[in-house]
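Me: I would like to learn how to read helices in a protein model. Could you take me through it slowly?

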Amino acid sequence: MASRSLRIGLLPGDGIGREVIPAGRLVLETLSSTLSHLSFTFTTLPAGYTTFLETGTALPPKTVQTLRHECSAALFGAVSSPTTKVAGYSSPIVALRKQLDLYGNVRPVKTVSTATQPIDLVIVRENTEDLYVKEERTYDAPNDEGKIAEAIKRISERASHRIATMAGDIALRRQAIRNKTGVQSTHDHPKVTITHKSNVLSQTDGLFRETARSALSSSPKFSP
């Protein structure tokens with residue numbers, strides 16, 4: 001097997017991120033020591049609220065450029081976002097998702113063998129749309145009744161289709177692994193559950209639901 005070296009961008013960020021990122025690096029270094037064909041190099045990059053206080057930006061352009069052109073993957077620690085509005089500050093995590101089009105939030109969930117009610121699933125969440133478009137405004141209510149804050153909720157067919165396709169691909173890969181290895185699971189066939197609120201948000205979540213259904217039913221690879 002040909003050897004491979006991956007460069008990992010490390011973004012400790014703030015707070016506990018400065019503790020967990022060194023631990024994550026240690027895990028990868030330990031992994032590479034057991035595999036002759038895989039190795040890692042690392043570069044530490046600035047991002048976060050402390051970076052904003054020091055430089056005026058929470059996500060420096062150089063950080064994004066390095067991740068985009070020089071890194072195979074990244075580990076992001078944590079961000080200590082202020083609880084009140086700070087002029088000029090915006091979440092670097094949301095900005096990074098947008099600039100690198102990191103549209104899929106993929107989170108495996110599996111119980112340990114001693115659990116009385118086993119769980120084995122992967123949560124796949126669209127990361128760039130809905131309220132994460134981060135378009136907000138605050139204005140005065142009529143009749144001196146205080147302020148009103150509004151946020152845009154945006155759903156597109158493009159984003160809905162590709163996140164549904166990602167979920168379908170993950171379900172197929174997981175089933176293929178189960179078939180090959182005989183690993184026990186709570187499932188005996190690939191299944192994707194579409195989570196939405198179209199009973200109330202009939203246009204936005206309705207578009208998401210219908211597009212996701214179409215993506216999973218129209219492609220031959222997802223057909224039974």
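Reply: Let's start with a term: buried means under 20% relative accessible area, exposed over 50%, and partly exposed in between, using a 1.4 Å probe and protein chains only. Helices (H or I, at least four residues) and strands (E, at least two) are DSSP runs, numbered from the N terminus. This is a predicted model, where local features need pLDDT of at least 70, side-chain atom pairs count only at pLDDT 80 or more, and totals for chains, interfaces and linings use all residues. Residues are numbered from 1 along each chain as its sequence is written, and side-chain values use heavy atoms, leaving out hydrogens and water.

Me: Which residues of α5 are buried?

Reply: Among them are Ala159, Ile163, Gly168, Ile170 and Arg178. Contact means heavy atoms within 4.5 Å, and the buried residues of α5 pack against β4 (104-110), β5 (120-126) and α6 (204-218).

Me: How do I read two packed helices?

Reply: They are described by the angle between their axes and the distance between the axes. Axes are lines fitted to C-alpha atoms, for helices over the stretch in contact, and angles run from 0 to 180 degrees between N-to-C directions. Here the axes of α3 (residues 61-70) and α4 (residues 92-100) come within 11 Å and cross at roughly 45°.

Me: Which residues meet there, in α3 and α4?

Reply: Val64, Leu67 and Arg68 of α3 meet Leu96, Gln99 and Leu100 of α4.
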